[in-house]
Amino acid sequence: MIRITLPDGAVKEVASGTSPMTIAKGISEGLARNVISAKFNDQIIETSTPITTDGKLTLYTWNDTEGKTAFWHSSSHVLAQAIEELYPGVKLTIGPAIENGFYYDVDFGEHSISEKDFPEIEKKAIEIARGKHDFKMRAVSKNEALHFYKERDNPYKVELIENLEDGTITFCDHSTFTDLCRGGHIPNTGIIKAFKVLSAAGAYWRGDEKNKQLTRVYGISFPKQKELTQYLELLEAAKKRDHRKLGKELGLFTFSQKVGQGLPLWLPNGAALRERLEQFLKKAQKKAGYEMVVTPHIGQKELYVTSGHYAKYGEDSFQPIHTPKDEEEFLLKPMNCPHHCEIYKSSPYSYKDLPKRYAEFGTVYRYEQSGELHGLTRVRGFTQDDAHIFCTPEQLNDEFKNVIDLSLYVLQSLGFEDFTAQVSVRDMNNLDKYIGDSQNWDKAEKAIINAAEEKNLKYVIESGEAAFYGPKLDFMVKDALGRNWQLGTIQVDYNLPERFDLTYKGSDNELHRPIMIHRAPFGSMERFVALLLEHTGGNFPLWLIPNQAIVLPVSEKHEKYAEKVLNSLENNEIRALIDNRNETVGKKIREAEVKKVPFMLIVGEQEENSNKLSVRRHGGEDMGSMDIEKFSNLVATEINSTLKSF
């Protein structure tokens with residue numbers, strides 16, 4: 001007999017060799033019907049895998065993230081089988097689950113697919129799913145695996161297998177289909193009831209532009225047709241809120257092939273929006289004791305070698321800049337933190353001087369693959385609302401909690417109310433990914449968890465999501481369409497102070513290492529604006545929107561009164577403009593609606609004679625006639641209700 005511990009602490013004694021599904025049936029038949037994946041001792045296993053030792057078992061359903069991952073990973077196998085049957089001779093490569101659905105990268109050879117082919121692939125996938133084929137894992141030797149794929153003339157799978165160790169290779173079989181796979185599947189294909197091919201795009205093999213371009217086929221699947229219908233409706237809503245579409249309509253940003261891919265150009269409205277966001281955060285930072293600094297856009301290569309960024313990212317970043325001087329190399333700045341370390345190091349400090357809080361809106365550059373670039377959410381040049389706090393161990397807890405307070409203030413002022421804190425820690429099974437002392441990592445991870453608990457944050461712990469130099473707390477925000485985004489991050493770092501030999505003099509008159517906190521409530525200005533656009537649909541908070549009102553004179557003879565209204569609005573610190581084009585008021589209103597202007601102020605003869613405005617709200621609400629003072633008070637009240645002081 002073996003002892004199986006369940007998440008609630010209950011212990012079940014079962015015979016050695018019992019599977020997770022059998023254990024689920026022993027708990028309840030209802031649970032067993034819903035279980036689609038399992039984890040044993042922190043390793044994802046099949047629901048049919050025999051368990052032979054004592055340990056902790058977690059059973060997952062569709063409602064769990066891990067359950068969805070297994071569901072979508074299994075669906076990628078079904079997609080691959082459907083493609084292989086419809087297009088003989090294709091070469092399959094890899095097909096993982098992603099946040100929403102899955103994809104499979106395929107070398108179609110002489111075949112090609114387009115959107116018109118998607119229904120046929122979906123039909124074939126559902127046909128396969130209805131066969132209720134079990135997913136079965138089996139171990140194979142390296143020679144067997146190589147022979148299997150060489151026989152099928154698949155150099156991609158052969159390359160993958162050549163990099164694996166003999167004794168660690170497994171295949172997954174279902175129906176007549178076999179794939180190289182590590183595991184983590186649903187019990188059988190019959191659980192898949194709804195299947196949709198979403199898109200197809202180019203993708204280089206292993207993400208390297210020097211390799212052959214494959215076709216990446218994206219799909220999604222569900223255990224109920226109703227859920228697919230709801231998802232497709234959500235996709236349609238998301239298209240209307242796409243930040244690239246709204247950014248163009250609102251005149252916020254653009255891109256130029258001559259400037260370069262992934263390098264956004266901010267237009268006047270967008271620049272004004274950014275400026276207000278910066279001023280909003282600078283005001284809060286000043287109250288919190290931050291000092292603004294400015295660092296250059298480049299740094300000597302040695303700076304990033306010292307920090308560890310070059311070893312970690314150098315090959316995938318912009319190549320070094322060579323100067324006329326022999327062996328002198330600079331890099332475009334990939335991170336602000338090494339520069340801030342050097343600022344700290346420029347002066348001696350005692351414990352009485354700490355904490356030091358340096359903040360900067362610093363632009364950094366990273367060479368993202370062209371296929372991964374996406375509007376403002378994935379770019380090659382972006383500005384971080386970066387800050388680094390250097391503190392003593394005794395100050396760490398309070399400083400971390402203060403940063404949480406600042407981050408919450410930012411999120412709530414911008415309408416992000418639904419979020420979870422994610423504590424990102426090391427992957428204990430892959431410690432080679434990280435730098436620094438294990439004891440320092442333990443202390444840093446504990447400090448973050450303690451701070452999250454003391455601030456009563458709803459949080460989850462995610463293994464393997466830490467930065468290479470330290471653990472972090474990320475705010476995972478749900479937007480208006482129910483999608484999850486990572487916004488804002490706080491990291492505890494014992495490693496960079498060590499690498500840069502940063503010190504302060506303690507009360508014992510000895511030198512000690514400060515602890516470094518990295519934080520960026522926005523993350524990056526580019527990505528934050530993109531997510532804010534999609535969350536609000538372009539209807540920004542009134543305090544932030546570029547133009548809060550537009551004055552619409554009925555005809556030319558009312559333009560002088562319109563100018564007078566505009567001056568009064570500006571004196572009341574309301575951002576407004578006049579549309580005095582020779583167009584009908586109806587057309588002006590329609591265009592102001594498209595531009596998401598919150599208030600349309602119509603002025604004609606009646607308004608001029610009474611010294612008032614006819615106020616129309618974005619969305620069509622007629623707010624009636626009012627004088628400028630009443631309108632100004634209305635705007636001020638609405639701003640104050642959303643933008644509270646920090």
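This is a predicted model: local features need pLDDT of at least 70, side-chain atom pairs count only at pLDDT 80 or more; totals for chains, interfaces and linings use all residues.
User: How many helices and strands does the protein chain have?
Analyst: Helices (H or I, at least four residues) and strands (E, at least two) are taken as DSSP runs, numbered from the N terminus. The C-alpha atoms of the chain fill a box of roughly 90 × 70 × 60 Å along the principal axes. Within the protein chain there are 20 helices and 33 strands.

User: What share of the residues in the protein chain is buried?
Analyst: Buried means under 20% relative accessible area, exposed means over 50%, and partly exposed lies in between, with a 1.4 Å probe and protein chains only. Of the 646 residues in the protein chain, the buried share is 50%.

User: Which residues does phenylalanine 631 contact beyond its neighbours within four places in sequence?
Analyst: Phe631 is one of the residues with the most contacts inside the largest core. Apart from that core lies another, of 38 residues, with Ala80, Tyr87, Ile128 and Phe135 among them. With neighbours within four places left aside, the residues in contact with phenylalanine 631 are Ala549, Leu569, Ile574, Phe599, Leu601, Leu613, Val615 and Met626.

User: How far apart in helix α9 are glutamate 278 and arginine 274?
Analyst: A salt bridge is a side-chain nitrogen of Lys or Arg within 4 Å of a carboxyl oxygen of Asp or Glu, and the structure holds 38 of them. Glutamate 278 and arginine 274 form one, with their closest N and O atoms 3.9 Å apart; glutamate 278 is buried at 12% relative accessibility, and arginine 274 is buried at 13%. In helix α9 (residues 268-287) the two are separated by about one helical turn, because they are apart by 4 residues.

User: Which parts does the pair of glutamate 593 and arginine 616 tie together?
Analyst: Their side chains meet in a salt bridge at 3.9 Å, N to O, with glutamate 593 buried at 18% relative accessibility and arginine 616 partly exposed at 25%. The two residues are 23 apart in sequence, so the pair ties together helix α18 (residues 585-594) and strand β32 (residues 613-617).

User: Is glutamate 151 buried or exposed?
Analyst: Glutamate 151 meets arginine 152 in a salt bridge of 3.4 Å, N to O, and arginine 152 is partly exposed, with a relative accessible area of 44%. Glutamate 151 has a relative accessibility of 57% and therefore counts as exposed.

User: What is the relative accessible area of histidine 243?
Analyst: Histidine 243 lies in helix α8 (residues 243-249). Beyond residues up to four places away in sequence, histidine 243 touches Phe253, His374, Gly375, Leu376, Thr377, Ala530, Leu533 and Glu534. Histidine 243 is buried, and its relative accessible area is 0%.

User: Which residues does a cis peptide bond join?
Analyst: Proline 355 lies in the loop between α12 (337-345) and β20 (356-365). The cis bond, with omega of about 5 degrees, joins leucine 354 and proline 355.

User: What value does phi of aspartate 42 take?
Analyst: Aspartate 42 sits in the loop between β3 (37-40) and β4 (43-45) and is exposed, with a relative accessible area of 66%. Although aspartate 42 is a residue other than glycine, its phi is positive, near 70 degrees.

Definitions and conventions: Residues are numbered from 1 along each chain as its sequence is written. Side-chain values use heavy atoms; hydrogens and water are left out. A nonpolar core is a set of buried Ala, Val, Leu, Ile, Met, Phe, Trp, Tyr and Cys residues joined through side-chain atoms within 4.5 Å. Contact means heavy atoms within 4.5 Å.
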